[in-house]
Amino acid sequence: MTQSPNNSQPLDAPRPTIPLPRGPVPQAPPERERRSIEIKIDGESVAVAEGSTILDAAKKLGIDTPTLCFLESLSPVNVCRVCVVELEGARTLVPACSRKVEPNMSIRTDSERVRLSRRLVLEFLASSVDLSTAPAVHAYMDRYDAHPERFGSARATVAQPVIIDNELYVRDYSKCVLCYKCVEACGVDAQNTFAIAVAGRGFSAHIATEFDVPLPDSACVYCGNCIGVCPTGALMFKVEYDMRQAGTWNESRQTQTDTICPYCGVGCDLTVHQQEGQIVGVTSPVDHSVTHGNLCIKGRFGWQFVQIQPVDPDGK
Amino acid sequence: MILLWGSNARETHPIFFHHLLKGIRNGAELYVVDPRRTSSAQWANLWLGLDVGSDISLANAMGREIIVAGLANEKFIQNATSGFEAYKAHVEKYTLERAERETGVPAEAIRRMAHAYGSAPRSQICWTLGITEHHDAVDNVVALINLALLTGHVGRYGSGVNPLRGQNNVQGGGDMGAIPDRLTGFQHVENDQLRAKFEQAWGVKIQPKRGWHLSDMFEAMEHGDLTMLYVLGENPADSEADRHRALKRLGGLEFLVVQDLFYTSTAELADVVLPAAAGAFESEGTVTSSERRVQRVRRTVPPPAGVRDDLEIIFDLARRLGHDWGTPDPEAIWNELRPLSPMHGGMSYRRLEEMGGIQWPCYDESHPGEMFLHGRLWSEPLIGPRAPFSVVEFEPPVDQLDEQYPIRLTTGRRLDDYNTGVQTRKYASPLRRKEALDVSPEDGQFYKLREGEKVRVTSRRGSLVAPVRFDSALRPGLAFLSVHAHDQIATNELTIDAVDPKSGTSEFKATAIRIEKV
């Protein structure tokens, strides 16, 4: 072997055969103290820390507020308006997901005005967008007695062909409510890849890659974090899409089990979705301290090796 | 201030890099030391593109500059370290000008990095295989540790030295004692008292001397001192440096057993192949991540017919060898080791579940685990021994460049693939391109090559034909190959098995090659 001896001399090194004594338990620096702010929601008092949102306060009271564009791990963009509440003294309804609490606010979450607004938002969305893979929105529509058919034949407005330009994702923008979550997950809130943004204005606004190129020609790195946050199924794993097309997708026969990703040493939590003994998708919990719901291409898609059917590694 | 040294974490540890990006968004500075201008380096305030293997010169010059600029933490050095005077005298030779000569990095850039590292209230150094896949791997590591000791950027929240682990349980393997000189929980096998504790619990005699690491084993195969090998979940026929020699050594074994998910290149050489279940998806147990977090893995799907869990195979093997260990139960095995390994003592399955994993050490069930190590170095009076400075000298890579072999080849991973590709090449990645030798556009021009053109790549040990691709992340004289697709490009035909005797790692990162048109 053509090797030269290496040369480090640890100076007075502790003997490795002797275990080191225990030190103090390390502590994180204390969090900045936040004063408590009291507000009233639907006549009930609640105190939350300064900087919390009306949504946080409502949650503390057990009030279930509908949301579409909101996710704990993303910065609020206030675009869907389905979470609006009535703030005493304010001219307009305010979005609960982003409006910070202020002392002595008085909020109504279920007034006639709030219900009408939420109903209209849901009707407008459902009359223009295909919400067939968004069960949560259907539950909201029942709650607010929404009838999108009042606005003409449903979903026709933004109907467009499904885009299948790679082996991992399917994009069906007929189902897109322009909630921006995918843009945020791809951008500063998580992935910082900036492969997608909203292009066009007004009615032409749509989620696009740079110059609307196909995904494989874009900056996309296939982390799937956009799919992870999509609330309507506009972005979907190809496995799920194919199974839905074949009529074999059956959520009632699926279970979810958490394990740890088999690749690098970061220790990402994988929630593995299985149906009939086959993996059909991988997600990650938003509240996991390592992932915050995000994964990379290997964690999200690199599980094919445990399946029995072979795949062409070059995707041909 | 974050110093990423010999790591392309953006691609190799993507979710760790999310956390790092949060730091950058919160105002942290990022410095990246890497021969390639990687996708990680593109986020840096400053990229230091050093020549492969010149890390010690760079680190020593940084140390000298920190001392000269008065940025050393004298109080910490006084209270918690030893050997500072010898270190100071040693690095005195490593002027910025000398380091510029040896590393190819402009002196001003080294100065800027030294000042940024030394003067930030919190700095940390993160590294991966760019530091450790060298013949002087351990020297590289202690050269970085010296910097942390010099500035006191260790044992405090937000500071530290952080090797980013490349495999989901490489930390756990070491913790469990799958290293030559340690029993479970890093307890030294040559300490009589510690060994006696295990002997009593297990009712067996344990050899009082350390064993061989991987490279020792391959040496021993050469000399006929090792004639039988049992390989679990490893593919050395593709992953060992100097593949030609590694295959010869594996071929000379009298008996080879391979336990794996797939019929790997190594399995093809085996006398017996034991088909095993996929640990992360088809087994129960724990793994330990890079941040020492022990977490539960669970059976998410059943293994295919005829395939068995690693534990079942090992238990059956023990039974055939005359030891009946009963029925394998991962939790019972875990509970057996907890009283033996103090750092795992408080980690019941229930607590691991409730707390979303626990970072060792966790001594008892009221202990929360520890988010960073070495906090003892800040206690006054000091608890335990002083942390030693080390004197390390720059030494160029073993496989030296000359007129015959003028190009430096380095190796690494790509975002969508993993090691020898046994697992990842089963999924269709849209990012995956045909493997190619990446060269700088300047070298492409110099050798009058077109992209995609096949060239002959030759090192002192082997030769292969590969298409070329131009990569502007590479500087002239530097080429790159991944290690993922040995069916397309057998990278390790070229690499050198110059081994660091302390760690057992080969110098995968530095091969001398030449490129010829075919």
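**Notebook: the A/B contact and what lies around it**

I began with the contact between the two chains, which takes 83 residues from chain B and 73 residues from chain A. I keep in mind throughout that this is a predicted model. Sorted by class, the side of chain B that touches chain A holds 38 nonpolar, 26 polar and 19 charged residues.

**Chain A as a whole**

I then took chain A by itself and noted seven helices and 13 strands. Its C-alpha atoms fill a box of roughly 80 × 55 × 40 Å along the principal axes, and 40% of its 316 residues count as buried. Among the contacts in chain A with a separation of 6 or more, I find that 56% are accounted for by residues 24 or more positions apart.

The domain assignment divides chain A into domain 1 (36–110), domain 2 (115–151) and domain 3 (169–306). I checked domain 1 of chain A against domain 2 of chain A, whose C-alpha centres lie 21 Å apart, and the contact there takes seven residues from domain 1 of chain A and six residues from domain 2 of chain A. The side of domain 1 of chain A that touches domain 2 of chain A has five nonpolar and two charged residues, and no polar ones.

**A loop of chain A with positive phi**

In the loop between α4 (181–186) and β8 (196–199) of chain A I stopped at Asn192(A), which has a positive phi of about 55 degrees although it is not a glycine. Phe194(A) lies in the loop between α4 and β8 of chain A as well, and I note for Phe194(A) a positive phi of about 60 degrees, although it is not a glycine. Are these residues buried, exposed or partly exposed? Asn192(A) has 16 C-beta neighbours inside 10 Å and therefore counts as partly exposed; Phe194(A) has 14 such neighbours inside 10 Å, so it counts as partly exposed.

**Domains of chain B**

For chain B the assignment gives domain 1 (2–164), domain 2 (170–359) and domain 3 (407–517). The C-alpha centres of domain 1 of chain B and domain 3 of chain B lie 26 Å apart, and 19 residues of domain 1 of chain B are in contact with 22 residues of domain 3 of chain B. On the domain 1 side, α1 (9–12), α8 (129–132) and α9 of chain B each supply at least two residues, and α8(B) gives the most, with three residues. By class, that side has five nonpolar, nine polar and five charged residues.

**A helix pair in chain B**

I followed helix α6 (residues 96–103) of chain B to helix α7 (residues 107–119) of chain B, where the axes come within 8 Å and cross at roughly 115 degrees. The two helices, α6(B) and α7(B), are therefore roughly perpendicular to each other, and α6(B) passes α7(B) in a right-handed crossing. The contact is made by Leu96(B), Glu97(B), Ala99(B) and Glu100(B) of α6(B) with Ala107(B), Ile110(B) and Arg111(B) of α7(B); these divide into four nonpolar, no polar and three charged residues.

**Cis peptide bonds in chain B**

Last, I looked up the loop between β14 (358–359) and β15 (387–388) of chain B, where Pro361(B) is found. The peptide bond from Trp360(B) to Pro361(B) is cis, with omega near 0 degrees.

Technical notes:
Residues are numbered from 1 along each chain as its sequence is written. Chains are lettered from A and ligands numbered from 1 in the order in which they are written. This is a predicted model: local features need pLDDT of at least 70, side-chain atom pairs count only at pLDDT 80 or more; totals for chains, interfaces and linings use all residues. Domain bounds come from an automatic or database domain assignment. Ala, Val, Leu, Ile, Met, Phe, Trp, Tyr, Cys and Pro count as nonpolar, Asp, Glu, Lys and Arg as charged, and the others, Gly among them, as polar. Axes are lines fitted to C-alpha atoms, for helices over the stretch in contact, and angles run from 0 to 180 degrees between N-to-C directions. Helices (H or I, at least four residues) and strands (E, at least two) are DSSP runs, numbered from the N terminus. Angles under 35 degrees count as roughly parallel, over 145 as roughly antiparallel, 65 to 115 as roughly perpendicular and the rest as oblique. A crossing is left-handed if the near helix is turned anticlockwise from the far one by less than a right angle, and right-handed if clockwise. A residue is buried if 20 or more other C-beta atoms lie within 10 Å of its own, exposed if 12 or fewer, and partly exposed in between; C-beta atoms are placed from the backbone.
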